[in-house]
Amino acid sequence: MEYILEMKNISKQFPGVKALNNVNLNIKKGEVHVLVGENGAGKSTLMKILNGVYSKDSGEIVFKGKQIQIRNPREAQEAGISIIYQELNLIPKLSVAENIFLGREPLKKNGLIDWKMVYKETEVLLKKLEIDLDPRTKINKLGIAQQQMIEIAKALSFKSDIIVMDEPTSALTDKEINKLFAVIRQLKESGVAIIYISHRLEEIKQIGDRLTVLRDGNYIGTYEVKDIDIDTIIQLMVGRKVDEKYPKETAEISDIVLEVRNLNNAKLKNISFRLKKGEILGLAGLMGAGRTELARAIFGVDPINSGDIYINGIKKNISSPLDAIKNGIGLLPEDRRTQGLIQKMNVLENITLPNLNSFVDRIFINKKREINKSIEFIEQVNIRTPSPLAKVRFLSGGNQQKVVLAKWLCANVEIIIFDEPTRGIDVGAKVEIYKLICNMAKRGKAILLISSELPEVLGMCDRILVMHEGEITGELSRQEATQEKILSYATGRNKNVG
Amino acid sequence: MLDNNEPKLILNDRRSRLDIKGNLGEYLQRFGIIIALFLMCAFLSITSPHFLTVSNLANVLLQSSINAILALGVTFVIITGGIDLSLGSVLALAGVVMGVILQNYGSIIIAIVAALIVGALCGYINGLFITRLNLPPFIATLGMMSIARGLALVITKGYPISGLPEPIRFIGAGKILGISTPIVIVALLFIICHIILTQTKLGRYNYAIGGNEEAAKLSGVNVNKCKVILYTITGLFSGIAGIVLAARVNSALAIAGMGYELDAIAAAVIGGVSQAGGEGSVAGTILGAIVMGVLRNGLNLLDVSTYWQQVVIGLVLVCAVSLDQLKRR
Ligand SMILES: Nc1ncnc2c1ncn2[C@@H]1O[C@H](COP(=O)(O)OP(=O)(O)OP(=O)(O)O)[C@@H](O)[C@H]1O
Ligand SMILES: [Mg+2]
C-alpha cells in the first residue's frame, strides 16, 4: 500500500524525559489518521518533529516516496505539510486577515502589500468555514473558540498534502465541530491527508479512518477505526481499564456560601443564584452565553454595573481578583496559556502563586515547604513533569492544564469556579480530576462548574443553571436534567426562571 | 496513569535531582558570560602587562561601581517587562540635592537621606505614571529623564557644587578593610537585591508580572502596587548612585550621569536579563557590569580611543543579546 508519509523509528529525548521512543506513523493519501495517547504521551512532539520545530534524535521521515529532512516549519510548509498547533499562535494585535496571510502577503506590482486581495481571500476562506466575522477584526477581540477557527482557516489557506490538527476541537462547540468535520470531509475528497489529535474519543468514530496509539513515548500500534471500539482504545492508551466515567458522589450540601443578586454588567442581565457548601453547581450554555463573563464578574476581573455578591451572608465588594481570593473565591480560567499560567516560571512557582502568603515566614519564602507542598499536588493531580522546578512551557498541553488545577487546589479557597477544567485532558486523567472535584465538595467546598461538555455537566453536577445571551434561562436539578432540556434553555427556546 | 506506588518513587527521585535540574539552563546562560569574561581577561593579560595587577583590577571594579548600582536597580523594572530611562537624570538630581543641603545646612545625614528620598520619589512617580496614567514605561521614564535633569539644572543654575565634607568623600574614595567603599556598597546592594528577587514575595511577583501580567493578576497579584514599589526601588538605587558618584568626584553636577541609563540597561541585558520580562538575575547583571568595566579598561590599556570604545561596546551588546536569542531556539 502506498503511504504518502512514513515516519520510522522516531526517537526524541528532552532533558529528563524520553518523549518518543522508536515511534512509527504511516499516513495514506486522503485519510483521516487519528493520533491518540495520554497527556504527555508524545503526540505533539511527534508532530513538531514532522513540522521541523524540534529535530529528531534518530529515525527517518519518508514523504511522497523520498526521504526528507525538515529543518524548520517553513520547509515543512513548502513541502506540503501544515499544522494547527494545540497552543494557538495568532498575533493578538493584528487582524484576522493579517494573521492568516502573515509572512506571505500578496504584493501589488509596485511592491506594496495588496490589502484588497488579502481581505478578499480571507473573506472567501471564512465563508467556506461559515465563520461570521469581519476579516478586519483584531484577534484580541475574539474568544478562544473563534481563534481556533481562524487557525483552521489559516491552515486551509496553504495548499497542503497533509494537515495536522492538534486538538482542534478542545475549545469548539458542537456546531463548530460539525462545520470543521464537514471541511475535513471535503479535504479528504480532494486527497488531503489529515493527522488528527484529540482527547474527545467519540470523535474518532465520527471522523477517523485509522488510528495510531502512543503510550509514554512508545508506539503501541496502528488500527482500522472500524475494527476497534472505544473501550479497547482507552485500554491501549492508558494500559489498564478506566473505571466509571463520572465518579459522582454526593456530598452533604449545607449552608449558602455564595449568593449573587441581580448582577448586571455589559454582558450580564439580572443574574441571581445561590451556591451552597458541598454543592457542585453546573453552568451550561452555548459558546458566548456569558458563562465566562459571569465567572469573571464574580472574581472581580470585569466590572459590575449593579447587583450584589454575598459571601456567607455578608455583602462583599469585590473589585479585583485579589479581593476575590481574600474572600475565598478561586477561578480556574478557560485559557490556560494567556490567563492560567506563567510559562516562564516553573511548575512550583505557578502552583504556589495565589497562595504565596502561606509559604512566607516573616518576609522570606520557605522554599522547602513550597517544594513539599507542590510535590504533594503534583502527585495528587498526577502532573507529568521531570521536576517541580521544570519550566511550565516544557510540559505537554494537558499537563499544563493540570498545573492550573493544582494551583487552585493549593490556593485553598472555599468557593471555586472551574471554567472548562478538563479541556485537553486525557480520559484517564479526566476521571482523576472528577474525583478531585467530588472530594473538594465533600470537604465542604462550593463549586461552580462551567463546561461545554453536556455529559460532564450532567454527570458531575448536583444542580445545573443554563445561560443564554447573558441571562439565566433555566435551572434543573440533577434528577430532572437531560441534554434536551439543557439545550432548549441554552438556545433560549424555553425559560423557567421567574 | 501509573499504579499507586510508582508516582511516589519517581517523585522521590525527582526530589534528589531538583536543585541541579531546574537551574541548569540558567547556569549555562551565566557560564556563557563567564567564559566571555575569562577570555577577555586572558587576552588582556597577554597583550598588556598592566592589566593583571591588583591595583588595575581593583580599579576596574571601582570604575564599574556606579554602573553596577544603576544596573542592579534597573534589573527590577526590566524583569517586569518595563524599562527606566531616567536613571542618569535621577542620579544627577539626587546628587545635586545632597550637594545643596550640604552647602547650605551642612548636615550630612539629612543630605544623604534627602538624596535617597528624592531618588525613591522619582521612581515612585514613574510608577504612578505607568500604573495610574497607563503610560508605557518607555514614555513615562523618558519624561522623568527630562524632568529630573531639568530640576537638577534649576536647583544649581548649572553651577557645580564642589568641595564636599570629609565623611561624604569617604563614601566615594575611602576604604573599608582595604576595599574601596563603592565596591563594598555594590556588594551589599547585590546581596540585598539577590535576596529580594529570590527569597521574597515581591521578587516572585516581579517575575510573575514580567512573565504574564494577566495571569499574575488573575492569581491575586496586586500588579499595580508591585510595579510602583519596583520602580521606587529603581529610583532609590539611582539616588544611591548619585551620592556615590558625587562623593567620588567630590562635586555634585547637574549634568552628571548623562547617558548612564544606557550603560546600566546594557549591563543588565548582557547579563541575561530578558528585555521581554520575566527572566534574569542580579548575578547576571553584576557580571554584565563587570564585563563592560573590563572592556572599557582593556580598551584604555590598549590605547583605543573613546570613540572606538563606544563602537566596541555597542557590538558586544548586540552579540550578547543575539547569542541569548540563539540559545533559546
Ligand atoms: N521543549 C520541551 N522540553 C522538555 N520537555 C518537553 C518539551 N516538549 C515536550 N516535552 C515533554 O515531552 C513529553 C511529551 O510531550 P507532548 O507535548 O508531545 O505530549 P502530548 O502527547 O502532546 O500530550 P497532551 O495530550 O497533554 O498535549 C512530555 O513529558 C513533555 O513534558
Ligand atoms: Mg499535545
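A disulfide is a pair of cysteine sulfur atoms within 2.5 Å. The views below show a predicted model, in which local features need pLDDT of at least 70, side-chain atom pairs count only at pLDDT 80 or more, and totals for chains, interfaces and linings use all residues. Residues are numbered from 1 along each chain as its sequence is written, chains are lettered from A and ligands numbered from 1 in the order in which they are written, and side-chain values use heavy atoms, with hydrogens and water left out.

View 1. C122(B) is in no disulfide either; the nearest cysteine sulfur belongs to C193(B), 19 Å away. C122(B) is buried, with a relative accessible area of 7%.

**View 2. L409(A) in its helix.** L409(A) is found in helix α14 of chain A. Helices are DSSP runs (H or I, at least four residues), and strands are runs of E of at least two, numbered from the N terminus. L409(A) is buried, at 13% relative accessible area. P73(A) lies 336 residues from L409(A) in sequence and 38 Å away in space, C-alpha to C-alpha.

**View 3. The shell around ligand 1.** There are 20 residues around ligand 1, each with a heavy atom within 4 Å of the molecule. Those that come nearest are S44(A), T45(A), H199(A), S396(A) and G398(A). In chain A, β2 (17–27), α1 (43–50) and α14 (397–410) each supply at least two shell residues. α1(A) gives the largest share, three residues. Domain 1 (5–238) and domain 2 (256–490) of chain A each contribute at least three; these bounds come from an automatic or database domain assignment.

**View 4. Polar contacts of ligand 1.** A polar contact here is a pair of N or O atoms within 3.5 Å. A polar side-chain atom of N39(A) sits 2.9 Å from a ligand 1 oxygen atom. G40(A) uses a backbone N or O atom, 2.7 Å from an oxygen atom of ligand 1. The side chain of Y54(A) has an N or O atom 3.0 Å from a nitrogen atom of ligand 1. Taken alone, ligand 1 exposes 640 Å², and the protein buries 93% of that (Shrake-Rupley method, 1.4 Å probe).

Technical notes
Polar contact = N/O pair within 3.5 Å; in protein donor to acceptor, adjacent residues only side chain to side chain. Buried < 20%, exposed > 50% of the residue type's maximum accessible area, 1.4 Å probe, protein only.
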